[in-house]
Amino acid sequence: MSASVRMGAPSARAMTIRCQAQNSTRAVARSVPTVARRDVLLGGAAALLLASAGPSAASATKPVTAHSPYVKGPNDVVFVTPTPEVLQGVRSWPTWEHGVDVFPYQYEADEDCYFLQGRVVVTPEGGKPVTIKAGDYVTFPAQMKCTWDIKEPVKKHYKEYF
């Protein structure tokens with residue numbers, strides 16, 4: 001099996017994953033913010049490698065088996081008070097950064113986020129806009145479709161629950 005990951009220029013905002021096995025080809029396209037172009041080839045029995053373009057980039061191939069303890073409903077962005085207990089271990093989570101931009105997004109898994117800088121307005125599909133800023137700890141539920149409108153460049157720690 002061979003796999004390639006191709007991430008287009010920032011204006012493309014598309015990541016295409018193509019897996020080729022003997023007579024079959026599968027393509028999965030996700031709309032994610034991208035900041036670089038990268039091609040990766042794997043051979044033999046290697047697993048599909050996904051370049052980390054942002055939160056949930058690798059979730060297209062992972063089933064959701066765990067959940068954030070803070071999720072309430074399928075389209076609810078939940079704010080959590082960032083107490084020392086809540087923030088324990090957050091600094092070891094991966095970080096994601098992105099400049100001013102507007103893009104659609106769908107969460108494949110529950111995701112907890114602690115925003116270090118910036119300001120973004122997240123509008124769940126069919127819901128009301130929610131403003132998130134530096135110092136906020138929020139949870140996004142799996143399968144939530146939304147639009148991110150980044151007003152000031154964002155940097156956040158995030159944890160996905162698969």
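Q: What makes a residue a contact, and which residues does Phe115 touch?
A: Contact means heavy atoms within 4.5 Å. Not counting residues up to four places away in sequence, Phe115 touches Val120, Ile132, Lys133, Ala134, Gly135, Asp136, Val138, Trp148, Val154, Lys155 and Lys156. This is a predicted model, in which local features need pLDDT of at least 70 and side-chain atom pairs count only at pLDDT 80 or more, whereas totals for chains, interfaces and linings use all residues. Residues are numbered from 1 along each chain as its sequence is written, and side-chain values use heavy atoms, with hydrogens and water left out.

Q: Why is Val120 called buried?
A: The relative accessible area of Val120 is 0%. Buried means under 20%, exposed means over 50%, and partly exposed is in between (1.4 Å probe, protein chains only). Val120 therefore counts as buried.

Q: Where is Val120, and with which residues is Val120 in contact?
A: Val120 is in strand β8; strands are DSSP runs of E with at least two residues, helices are runs of H or I with at least four, and both are numbered from the N terminus. Apart from neighbours within four places in sequence, Val120 is in contact with Phe115, Val130, Thr131, Ile132, Trp148, Asp149, Ile150, Lys151 and Val154. The C-alpha atoms of Val120 and Lys151 are 5.4 Å apart, although 31 residues separate the two along the chain.

Q: What makes a set of residues a nonpolar core, and which have the most contacts inside the largest?
A: The set must consist of buried Ala, Val, Leu, Ile, Met, Phe, Trp, Tyr and Cys residues joined through side-chain atoms within 4.5 Å. The largest such core has 19 residues, and Phe115, Val120, Val122, Ile132, Phe140 and Trp148 have the most contacts inside it. Two or more residues come from each of β7 (101–106), β8, β9 (130–133), β10 and β11. Strand β11 gives the largest share, 5 residues. A second, separate core has 7 residues, including Val78, Val80, Trp93 and Tyr137.

Q: How many aromatic pairs does a search of the whole structure find, and what makes rings pair?
A: The search finds 8 aromatic pairs. Rings of Phe, Tyr and Trp (its six-membered ring) pair if their centres lie within 6.5 Å; planes under 30 degrees apart count as stacked, over 60 as edge-to-face, and the rest as tilted.

Q: Why is the pair of Trp93 and Tyr137 called tilted?
A: The ring centres are 6.2 Å apart, which meets the distance limit, and the planes stand at 55°, which is neither stacked nor edge-to-face, so the pair is tilted. Trp93 is in the loop between α1 (84–87) and β6 (95–98), and Tyr137 is in strand β10 (residues 137–140), 44 residues apart. With a relative accessible area of 14%, Trp93 is buried; Tyr137, at 2%, also counts as buried.

Q: Which residues form one aromatic cluster?
A: Trp96, Phe103, Tyr105, Tyr107, Phe115, Phe140 and Trp148 form it.

Q: How do you know that Lys156 forms a salt bridge with Glu111?
A: A salt bridge is a side-chain nitrogen of Lys or Arg within 4 Å of a carboxyl oxygen of Asp or Glu. The closest N and O atoms of Lys156 and Glu111 are 2.9 Å apart, so the pair qualifies. Lys156 is in strand β11 (residues 145–161) and Glu111 in strand β8 (residues 110–124), 45 residues apart. Both Lys156 and Glu111 are buried.

Q: Why are Asp149 and Lys151 called partly exposed?
A: Asp149 has 23% relative accessibility, which places Asp149 in the partly exposed class, and Lys151 is in that class with 37%. Their side chains meet in a salt bridge at 2.8 Å, N to O.

Q: Where does pLDDT stay under 50, and why does that matter for reading coordinates?
A: The stretch is residues 1–61, for which the model has 129 contacts beyond four places in sequence. pLDDT is the predictor's confidence in each residue, from 0 to 100. Where pLDDT is low, the predicted coordinates should not be read in detail. The protein chain averages a pLDDT of 72, and 60% of the residues score at least 70.
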